[in-house]
Amino acid sequence: KLEPRPTHVVFNAGVNPIEWDAGGSKILDALDRLEMKGIWRTTTYQKNHRRKLLVLQVDNVMAGLFRSRGHWVLNTSWTQELDPMHFWTMNHFYEPVYRVMNEELLDMLGYKFPVGEPLHYQTIKRTNLTPLSQVNEDLLKQLM
């Protein structure tokens, strides 16, 4: 038994999803009984700006189901527009991409940021932030 008791649960199908829609209603029934809020996080796009058709289908079904039942959706479709320099593998990002996703989730949960506004994706796009990989390469060059 968890103490304190969780108030929210985040779900995601991932890049190799199973048939979530078959059990989605049962999951939401259980969350409703426990008075917990479910959050469906859509699967991020890959470095090649694509997602598998099954991933898109599962995300669409589950996002619709979560919304229709009064639960939430954390939409990460903005990752389709990311420059490939923000990826360190086909499916994984450099910072600050994860920071943006985390701040969007915290914002959704009502977290009040102590200083300034959260770093949203528009900030990455507008200011052309340097990914951590480039910062590390630049530091290595300076040390050598």
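Author: Helices (H or I, at least four residues) and strands (E, at least two) are taken as DSSP runs and numbered from the N terminus. The model is predicted, so that local features need pLDDT of at least 70 and side-chain atom pairs count only at pLDDT 80 or more, while totals for chains, interfaces and linings use all residues. Residues are numbered from 1 along each chain as its sequence is written, and side-chain values use heavy atoms, with hydrogens and water left out.

Helix α1 spans residues 20-33 and contains Asp-29. With 35% relative accessibility, Asp-29 is classed as partly exposed, a class lying between buried (under 20% relative accessible area) and exposed (over 50%), with a 1.4 Å probe and protein chains only.

A nonpolar core is a set of buried Ala, Val, Leu, Ile, Met, Phe, Trp, Tyr and Cys residues joined through side-chain atoms within 4.5 Å. The largest one has 12 residues, among them Phe-11, Leu-28, Leu-31, Met-36, Trp-40 and Phe-66. Helices α1 and α2 (53-68) each supply at least two residues of this core, and α2 gives the most, with five.

Leu-31 belongs to this core. Beyond its neighbours within four places in sequence, Leu-31 is in contact (heavy atoms within 4.5 Å) with Val-9, Phe-11, Met-36, Gly-38 and His-71. A second, separate core has seven residues, including Leu-82, Phe-87, Val-97 and Met-101.
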